[in-house]
Amino acid sequence: MTEHDPRCPCCVSVEDVKFSPWRGSSYDTSPIGIKILVMGESTYEPREYEAGQFKREYECLGSSWFPHKNLLAYSEGLWSDPHFASKWIGLFLDRPPRDLEDRKRVVNSVAFWNYADVMLTSSGKPPGKGDLKTANRKLRSVLAALQPRLVVFLSTRLWSNLAEGCDPFDQDGVKETELYEMFEMKDQGLNFLHFPHPRGRYWKNDKVRSKFKSAIAKLGGKIPSDWER
Ligand SMILES: [Zn+2]
């Protein structure tokens, strides 16, 4: 087991949040010009884990370990290209990542967090009701800590939950935002892109990439020209 530095600057400790959000080293000064938080659904145990391994690691290394470990493993090439992360990283490159440099430049420029703050035993499962009920309250704390301008919300399944449970977001705004469109919280300078899960059937690379690009432009950002080479 590799040690995790408790002062790691990429892991943002947020009260009551089990899995600390990842904050890339250039998130605050992003070459894109705006701060972007990418959000998945939930964390799940890696398939190769033995029984009890996650619990031991969590007890030993704490809340910062998993998001960091996952993104680090990915950007160091431990996962193959059709991976979940390659899909959303393609939004930033307008194509799939070709090499580790592509993976790293995007991972280092964004923040990442999973909306349901829970470890599931396998992928493809929905989080439990209790975890969804508290998800918005935790999300508010994460948003306060990271101050993003854009949240790329990668889940059709959990979208409506933004308007439910504890501390819900604008009910009408959430309901009226069609898939692939942007929900603007004007008073807070915060925007949510309602995107599908990258492994689901609604994910169409052309569609999500062009929608992402126009959302960024609308908010005054721009993908650096050398990223799309
Ligand atoms: Zn860390």
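What percentage of the 229 residues of the protein count as buried? In this predicted model, the share that count as buried is 37%, where a residue is buried if 20 or more other C-beta atoms, placed from the backbone, lie within 10 Å of its own, exposed if 12 or fewer do, and partly exposed in between. Local features need pLDDT of at least 70 and side-chain atom pairs count only at pLDDT 80 or more, whereas totals for chains, interfaces and linings use all residues. Residues are numbered from 1 along each chain as its sequence is written.

View 1. Helices (H or I, at least four residues) and strands (E, at least two) are DSSP runs numbered from the N terminus, and along the sequence they follow the pattern β-β-α-α-α-α-β-α-α-β-α-β-β-α. The radius of gyration, taken over C-alpha atoms, is 17 Å, which agrees with the value near 17 Å for a compact globule with 229 residues, the globule rule being 2.2 Å times the number of residues to the power 0.38. Along the principal axes, the C-alpha atoms fill a box of roughly 45 × 40 × 35 Å.

**View 2. Strand E3 (residues 111-120) and the strands that pair with it.** Strand E3 is mostly covered, with seven of its 10 residues buried. Strand E1 (residues 22-23) pairs with E3 in the antiparallel sense over two bridges, and strand E2 (residues 36-44) pairs with E3 in the parallel sense over seven bridges; two strands pair if DSSP finds at least two bridges between them. Phe112 in E3 stands opposite Trp22 and is also the bridge partner of Val38.

**View 3. Helix H8 (residues 205-218) and its two faces.** The 14 residues of H8 reach 20 Å from the first C-alpha to the last, close to the 20 Å expected at 1.5 Å a residue, a span defined as 1.5 Å times one less than the number of residues. The buried residues of H8 are Val208, Phe212, Ala215 and Ile216. Seen down the helix axis, these buried residues fall within an arc of 100 degrees, so they line one face of H8; the arc is that of the directions from the helix axis to the C-beta atoms. The face turned away from the buried side carries the exposed residues Asp206, Ser214, Ala217 and Lys218.

View 4. H8 is followed by Gly220, whose phi is positive, near 90 degrees.
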